[in-house]
Amino acid sequence: MKIVSALVSPRGAVFLLLAVLLIAITVLNPSFAEPGQLMRFIQRVAPVAIVAIGQYFVIVGGEFDLSMGSVVTAQVVIAGNLVGQDESRTIPVLFLMLAFGVLVGLVNGLIVSFLRVPSFIATLGMMLALLGGVLYWTGGAATGNPDDSFRQIGRGGIQDVPVLDLIPWSVLILIVVLAAAIWFSKRPFGRTIIALGDNPTAAGFAGVRTWWVKTSTFILSSLSATLAGILLVGYAGVHPSVGRGYEFTAITAVVLGGVVLGGGRGWVVAAAAGAFALEALFTLLNFAGVPSTLRDAIQGVIIIAAVAYSAVSFRARRRGRTDVAGPPVDADDGPVDGAPETSPAREKESPPQSGATRPAIHSLEAEG
Amino acid sequence: MSEASVRPLRRRRRIDSTALVYLALLGVIIVSAILVATVGRSFFSAGNIRDILTGMSVLGFVAIGQTLVILCGSLDLSVPYVVSLSSLIAADTMKGSAANIAPAVLAALAVAAVIGLVNGLIVTKLHVNGFIATLGMGLIIKGYLDTNYKGTSGDVPWEFQLIGATGVGPIPVSTILMIVVALLAALFLSRTRTGNHMFAVGGNEQVARLSGIRTAQPIIVAHVLCSVTAAFAGLLLASRLGVGSPTVGIQGGYDLLSIAAVVLGGTILAGGRGSVWGTIGGVAIFAVLDNVMSVLQVNPFMKDVVRGVVIVAAVAVYTARQVERRRARFGADGGADTDPDVDPSPSDRVSESVKGGSV
């Protein structure tokens with residue numbers, strides 16, 4: 001019962017959606033369930049999921065990062081131009097790319113923290129400047145093709161594994177990133193990010209160095225974009241359009257995962273699951289023979305529906321809660337418009353204020 | 001921010017944000033005129049001014065609507081697709097005949113209004129964040145466009161093309177129309193109940209509701225008007241191109257550029273404060289920049305770099321001293337909501353800047 005209520009809760013809904021999509025794909029195409037195929041699927045999702053994990057930290061901290069797509073593009077082009085056919089350059093260029101990622105995030109974060117430019121605008125400016133700079137550098141054409149050893153990161157994997165056949169490096173990298181993100185968000189620093197996103201004033205009074213916390217979320221996001229860029233070089237090749245639209249894909253995935261824009265609420269695993277759900281949706285539409293031009297439209301409907309579902313059920317739950325807990329604690333949803341409309345049974349299911357999110361998360365963790 | 005950088009600015013503290021935008025515009029014009037003069041051209045020639053004003057009109061239309069939506073604390077990312085769609089509807093309905101102009105214009109505006117209505121209803125009734133609602137709506141329209149149109153379509157009669165091509169002296173008709181729409185929008189904001197409620201809802205939706213305002217209505221109206229002005233932009237583009245195009249909106253990047261122009265015009269991204277005239281100033285800054293970079297033959301990719309830097313730098317300058325000094329919303333002269341002589345507490349500033357990010 002608890003699991004069912006967790007799955008239909010806004011936070012768990014993305015896992016339900018993902019499961020439904022995966023089952024639907026398997027029904028249409030039974031070979032999808034084979035381990036090898038599944039591995040390929042995860043490999044394809046890996047860059048999107050990694051970008052979504054990075055974007056999660058920014059969004060849960062109350063900001064936006066629109067520059068991610070440009071960072072992906074920039075890193076892909078840097079790899080193409082600097083590594084070339086020289087295998088010995090792979091490692092130094094990798095470090096250079098990571099340093100560049102940190103630099104972009106640092107600049108974003110400092111502009112947002114100290115110049116008080118809204119992150120939407122700051123990262124929009126970074127997006128334009130970075131993309132323009134990269135295209136200026138390359139003359140707008142695709143150039144360079146990094147050495148095969150570099151491309152192996154995104155393309156290759158551990159060969160001849162029993163059952164799975166091939167474990168792609170990108171799947172391993174995704175697992176490591178996800179584990180690190182879970183660990184990080186359970187650390188005091190990770191919790192501070194959520195506190196900052198929920199109420200920056202309170203976080204500031206509690207002694208949080210807001211500028212540093214905020215800046216570090218931007219560094220995390222552009223580092224994750226760098227990682228996605230490294231993976232994308234492997235199987236998408238070098239092209240100035242590789243990263244196009246990644247920022248919106250990442251935001252979409254994060255929001256599908258039930259993370260609230262504006263910060264303070266969300267779970268990193270759900271954000272990654274949002275990326276999986278999004279990619280599963282594309283795969284499903286592909287197998288179902290839906291014309292590729294209609295995919296965008298269906299994606300649009302699904303996003304709106306998913307967010308509307310979570311927003312409406314959130315409000316319903318909160319109404320129930322304010323009824324139990326007396327006067328509303330947070331000013332977000334005052335019971336102005338009439339009496340609470342939830343049944344007693346619903347109230348029992350929705351736990352009081354502070355623990356509202358935790359049980360759902362834990363039961364999901366126990367499950368998977 | 002060091003004390004030294006604050007001091008010299010303090011004298012001008014009471015300057016209204018829109019005035020600051022036009023000061024910035026003046027500065028940009030002076031620098032541009034000097035730069036253009038160094039390559040032996042005249043910035044103030046009739047031809048050049050016409051170019052700048054022409055460049056303003058399309059983005060101007062979109063940005064006027066975007067201002068209303070942002071004032072309400074929402075966003076509209078679907079505008080480029082509305083622009084494309086309305087240009088196609090208009091061109092297809094006209095079929096090269098002047099008799100069809102009126103129905104074509106009405107059809108384009110009506111479809112856009114319906115899109116805006118749906119956006120507004122999704123935002124207010126389903127409680128979906130405006131960012132996501134309009135992103136999704138944009139994708140839906142994009143899917144429709146990609147499915148039904150392979151390329152340019154329709155035929156715009158000569159009479160309608162004149163709107164995009166003629167001018168009064170150096171002032172193009174399209175720019176005059178845009179200014180008229182801006183005037184109407186400004187009057188709407190200052191004179192009508194719904195217009196005033198937009199500020200209230202954008203400033204603080206809870207307080208607005210507790211004050212007895214129906215919070216949904218202004219947001220819905222703003223979304224409808226935003227889509228309608230985007231349709232104006234689409235009609236204008238159809239008139240200039242002579243055909244409807246499914247990609248004209250997204251090529252122009254009107255979603256993010258219009259938001260940037262609005263913010264450049266001094267409107268706060270979190271909503272509640274701003275003005276249409278500031279937005280027109282922001283659009284003009286973009287147009288002057290574009291023009292001067294074209295005259296100086298700057299690499300087109302470098303233009304994006306300059307745009308990005310200018311957006312961030314300009315907004316940084318505004319927020320450094322302007323965020324909490326906007327004109328009072330309901331007073332005749334400023335100073336009702338913050339005392340201009342008292343420095344705001346640091347926590348105010350932090351929350352203000354964060355609100356700006358979390359649309």
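I'll start with B:Asp146, which is partly exposed, with a relative accessible area of 27%. Everything here comes from a predicted model, so please hear each value as computed from that model.

What does B:Asp146 pair with? Its side chain meets that of B:Lys142 in a salt bridge, at 3.4 Å from N to O. Both residues sit in helix α6 of chain B, 4 residues apart, or about one turn of the helix. As a general point, an α-helix has 3.6 residues a turn, so residues three or four places apart point the same way. B:Lys142 is also partly exposed, at a relative accessible area of 25%.

A:Asp296 forms a salt bridge with B:Lys142, and here the closest N and O atoms are 2.7 Å apart. A:Asp296 belongs to helix α14 of chain A, residues 292-325, while B:Lys142 belongs to helix α6 of chain B, residues 130-148, so this pair joins two chains. On the chain A side the residue is buried: A:Asp296 has a relative accessible area of 17%, and the cut-off for buried is under 20%.

Another pair is in helix α15 of chain B. B:Arg307 forms a salt bridge with B:Asp304, with 2.9 Å between the closest N and O atoms. The two are 3 residues apart in that helix, so about one helical turn separates B:Arg307 from B:Asp304. B:Arg307 is buried, at 14% relative accessible area, whereas B:Asp304 is partly exposed, at 21%. Over all chains, the search of the whole structure finds 5 salt bridges.

Now cysteines. How many disulfides does a search of the whole structure find? Over all chains the count is 0.

Next, the core. In soluble globular proteins, nonpolar side chains tend to be buried together. In this model the largest nonpolar core has 205 residues. Those with the most contacts inside it are A:Phe120, A:Ile121 and A:Ile251, together with B:Phe131, B:Ile132 and B:Ile259.

Setting aside neighbours within four places in sequence, A:Ile251 is in contact with A:Gln55, A:Ile59, A:Phe64, A:Leu66 and A:Leu261 in its own chain, and with B:Phe131 and B:Ile132 in chain B.

On to a check of helix geometry. Helix α2 of chain B covers residues 17-38, which is 22 residues. At 1.5 Å a residue the helix should span 32 Å, and its end C-alpha atoms are 32 Å apart, which agrees. Buried positions in α2(B) include B:Ser17, B:Thr18, B:Leu20, B:Val21 and B:Leu25. Further along α2(B), B:Val28, B:Ser32, B:Ala33 and B:Val36 are buried as well. After the helix comes B:Gly40, with a positive phi near 80°.

B:Lys95 has a phi near 50°, positive in a residue other than glycine. B:Lys95 is in the loop between α4 (79-94) and α5 (101-125) of chain B. Is B:Lys95 buried or exposed? At 64% relative accessibility, B:Lys95 counts as exposed. B:Gln297 is another case, with phi near 55°, also a positive value in a residue other than glycine. Its place is the loop between α14 (276-295) and α15 (300-322) of chain B. B:Gln297 is exposed, with a relative accessible area of 71%.

B:Thr215 lies in the loop between α10 (205-210) and α11 (216-241) of chain B. At 11% relative accessibility, B:Thr215 counts as buried. Neighbours within four places in sequence aside, B:Thr215 is in contact with B:Val201, B:Glu205, B:Ala208 and B:Arg209.

How values were computed
Residues numbered from 1 in each chain as written. Chains lettered and ligands numbered in written order. Predicted model: local features only at pLDDT ≥ 70, side-chain atom pairs only at ≥ 80, totals over all residues. Heavy atoms only, no water. Buried < 20%, exposed > 50% of the residue type's maximum accessible area, 1.4 Å probe, protein only. Salt bridge = Lys/Arg side-chain N within 4 Å of Asp/Glu carboxyl O. Disulfide = S-S within 2.5 Å. Core = buried A, V, L, I, M, F, W, Y, C linked by side-chain atoms within 4.5 Å. Contact = heavy atoms within 4.5 Å. Expected span 1.5 Å × (residues − 1).
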